[in-house]
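Take a moment to bring it up before going on.

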Amino acid sequence: MALSIWEILAVFAAGVGAGTINTIVGSGTLITFPVLLATGLPPVTATVSNALGLIPGSISGAIGYRKELAGQRRRVLRLGVGAAIGGLFGATLLLALPSTAFETIVPVLVALALVLVILQPRISKAVQRRREHTGTTPRTDGGPLLFVGLTLASVYGGYFTAAQGIIYLSLMGMLVDDTMQRLNAVKNVLAAVVNTIAALFFLFVADFNWTAVVLIAVGSAIGGQIGAKVGRRLSPTVLRGLIVLVGTAAIVQLLLR
């Protein structure tokens, strides 16, 4: 399927936006996914093409946060194992279930992702109040609960990547005693692991639109650097508003297909 010049520009711009937002808060798929659907790609093809295209963006964002990753090797390796297992299982589910199931499930997943985006500030404040009230300190590694939680979140990420980063941050914020910037750096690495594992699996068993893959890959790599360097200066409220707007458009489009 050939893309028009306007569709090419739109997919590339969506890739830049997704790479930027993924590095800062996550949920960049809520930008690329509806744009890919608008070009006429089937939902499953759009999902696998998006997963492969976003790998450079995840890696770029992780590199941009390399200072915050210092001293976290053991944590990243431990949680990365769970991310790889969950991502592979989620990718298998995507292709094992019929396409009609995907078309039914995805609007629900997007809606859930939007709810998480909207509630993220309240979740963070509630976690902070709980720590101050109880006077307890979370474990530095999060314990078995974090490993299991992130593995399950990675199953979701391998199936449909939207908001997996926000789920990661919510879980780590509740269970790990560290700054959000350092946890955000870990989130970028885990997202890269899930996207890579899922995309490698899809390479052998799924159909891609390679034009879309290349456009998102280049755009997201650029966006990853933008997110790492400039993103901290942007208003989280503005970013969440953009994600909600685009995600709502995706739900409407999916329901009208």
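How many salt bridges does a search of the whole structure find? The answer is two, where a salt bridge is a side-chain nitrogen of Lys or Arg within 4 Å of a carboxyl oxygen of Asp or Glu. Please keep in mind that this is a predicted model, in which local features need pLDDT of at least 70, side-chain atom pairs count only at pLDDT 80 or more, and totals for chains, interfaces and linings use all residues. Residues are numbered from 1 along each chain as its sequence is written, and side-chain values use heavy atoms, with hydrogens and water left out.

**Salt bridges**

- Asp178 pairs with Arg75 through a salt bridge, with 3.0 Å from N to O.
- Asp178 sits in the loop between helix H9 (164–175) and helix H10 (180–205) while Arg75 belongs to helix H6 (residues 73–96), so this pair ties together parts 103 residues apart in sequence.
- Asp178 also forms a salt bridge with Arg182, where the closest N and O atoms are 2.9 Å apart.
- Together, Arg75, Asp178 and Arg182 are linked in a network of salt bridges.

**Burial**

- Arg75 is buried, at a relative accessible area of 15%, and Arg182 is partly exposed, at 22%; buried means under 20%, exposed over 50% and partly exposed in between, using a 1.4 Å probe and protein chains only.
- Helix H3 (residues 43–53) has eleven of its eleven residues buried, so the helix is largely enclosed by the rest of the structure.
- Helices here are DSSP runs (H or I) of at least four residues, numbered from the N terminus.
- In helix H4 (residues 55–64), the buried residues include Ile55, Gly57 and Ser58.

Terms used: Helices (H or I, at least four residues) and strands (E, at least two) are DSSP runs, numbered from the N terminus.
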